[in-house]
Amino acid sequence: MKLRARALELLVFTVGAGTLGAEMAAARLLAPWFGDSTIVWANTIATVLVALAIGYSVGGKLADRNPNPSGLARIVLLAAALLAAVPFIADPFLPLAVKAVDQLSVATFAGSLVGVGVLLAIPLFLLGIVSPYAVRLSVDSVEDAGHAAGRLYAISTVGSLVGTFAASLFLIPVVGTRRTFLIFALCMAVCAIPHLMKRRLPAAVVPVAILALIALPTGSIKTLTSNGGEVIWEKETEYQYARVVEYDDGTRYLELNEGHAVHSVYTEGEYLTGAYWDEMLSLSYAGAQAPKSVAILGSAAGTTARQFGHFAPDTRVDAVEIDEDVTKVGQELFDLKDQPNLHLHTADARPWLQKQTRKYDAIMVDAYHQPYIPFYLTTKEFFALAKDHLNPGGVLVVNSAHPEGSTALEKVLTATLRTSFGDAVWRSDSGATNTHLVATVDPEADPAASLAATAEDQPSDLAGALNSSAARLEPALQGGTVYTDDVAPVEWLTDLSLLEVA
């Protein structure tokens with residue numbers, strides 16, 4: 001009798017771990033396609049809570065009708081099988097999500113999100129049945145009900161705690177999202193089998209099948225992209241899914257979020273890209289003089305850092321990137337070579353800047369996790385911090401990525417920049433989905449004139465880029481709300497901008 005009670009407690013513990021572990025893995029599963037904003041987390045948590053709540057209600061009724069360990073075991077086995085299937089069945093939904101963002105189709109975007117949510121809700125609903133069912137099985141008399149319920153729910157909660165930390169700190173970084181789902185499913189299936197009164201051998205097919213799926217190599221998610229590029233490197237990093245795509249002409253792109261966003265580009269022997277990275281480089285020259293020190297907050301695989309290494313090898317470059325794997329692939333595949341004045345930092349942008357005592361001639365902010373910019377890089381406190389780290393005559397350059405035709409984020413960033421830089425803020429409309437903002441420490445500065453003057457002493461290709469940027473510069477837009485560390489709803493702003501444009 002005591003052995004059966006311990007087996008039931010182990011099952012409850014494992015289910016608790018699997019429930020929260022699956023929640024962490026689910027957020028990770030969605031992140032490359034939907035991002036990891038508070039909105040996505042809220043959606044994930046809400047799906048879990050609703051599914052569990054329904055499961056609790058149904059579980060109590062089922063337990064009263066059939067207080068049999070075999071009934072509970074069958075439910076857990078089914079939940080384990082469905083949970084193991086989630087990362088595989090979810091694949092057809094995820095390309096729809098990418099298309100939704102690309103095409104600004106809100107209906108498809110919402111449908112994809114709901115579709116993945118339904119996939120998660122079914123196994124989580126079944127897992128919600130377990131706790132009340134287990135309480136019913138463990139109660140021998142009314143006098144024991146409170147003690148039994150409290151003990152099992154405590155065990156379940158401890159399991160949830162273990163599952164949370166095991167998934168986030170060990171399993172996801174080490175074995176990946178897919179195998180995290182499978183490992184939790186395997187543990188639950190194994191713990192369920194002893195509770196079956198008969199047919200244990202046929203039921204063993206479930207854990208054996210899951211074990212076989214774990215043993216399968218993850219392989220390449222995609223070998224060829226839809227537009228003919230070849231995936232030559234990919235990895236599920238600590239922060240995101242990243243891949244490098246190479247085309248027939250040798251050009252390489254670092255893509256994040258399943259190809260939705262390109263964060264670095266490389267072509268052998270070429271340094272100007274014809275894209276927004278050139279604007280980041282050019283506008284760093286908009287200060288009183290050509291920069292002798294720059295900080296790049298969000299350097300990815302180092303496109304801009306590499307440009308400085310070629311055009312201004314004597315300039316100190318502090319390239320800050322939160323994802324170490326992205327920096328490493330930059331060194332391996334994007335010619336981000338070690339240079340005497342290049343300093344690579346694996347760190348979050350704002351905490352890194354907070355710790356620095358050095359000041360810079362230019363600070364560039366390009367730390368997007370598409371389609372969102374971290375809220376703490378949009379606030380008046382951050383821009384004040386950035387200004388404090390600029391030399392006299394220095395400039396702050398901010399990339400404002402946005403849906404085509406939308407200026408909502410640009411206006412917010414501009415209004416917030418003005419709290420530190422006054423009216424010394426300009427804009428450069430450098431593309432359909434990129435606008436760069438330039439703020440100068442000197443309130444009397446004329447960045448367009450500075451660019452034109454600096455261009456005279458630069459190589460012809462860089463001079464052309466500087467003059468083009470000078471021609472695009474114009475006064476910043478008016479309007480917009482000032483964001484603070486306390487209130488900065490950048491996710492809502494971005495989502496509403498997508499909706500408005502759609």
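Which helix does Leu161 lie in? Leu161 sits in helix α7 (residues 145–175); helices (H or I, at least four residues) and strands (E, at least two) are DSSP runs, numbered from the N terminus. This is a predicted model, with pLDDT of at least 70 needed for local features and 80 or more for side-chain atom pairs, while totals for chains, interfaces and linings use all residues. Residues are numbered from 1 along each chain as its sequence is written, and side-chain values use heavy atoms, leaving out hydrogens and water.

**View 1. The buried face of α15.** Helix α15 (residues 380–388) has Phe382, Phe383, Leu385 and Ala386 buried (under 20% relative accessible area, 1.4 Å probe, protein chains only). Look down the axis of α15 and its buried residues fall within an arc of 155 degrees, so they line one face of the helix; the arc is taken over directions from the helix axis to the C-beta atoms. Their cover includes β5 (293–297), β8 (360–365) and α16 (408–421).

**View 2. Thr416 in α16.** Thr416 is part of helix α16 and, at 0% relative accessibility, counts as buried. Its side chain gets to the backbone oxygen of Val412 at 2.7 Å. Neighbours within four places in sequence aside, Thr416 has contacts (heavy atoms within 4.5 Å) that include Lys380, Phe383 and Tyr483.

**View 3. Thr454 in α17.** You'll find Thr454 in helix α17 (residues 447–455), and its 11% relative accessibility makes it buried. Here the side chain of Thr454 reaches the backbone oxygen of Ser450 at 2.8 Å. Not counting residues up to four places away in sequence, Thr454 touches Tyr285, Ala290 and Leu466.

Notes: Buried means under 20% relative accessible area, exposed over 50%, partly exposed in between (1.4 Å probe, protein chains only). A polar contact is a pair of N or O atoms within 3.5 Å; within protein, one must be able to donate a hydrogen and the other to accept it, and residues adjacent in sequence count only if both atoms are side-chain atoms.
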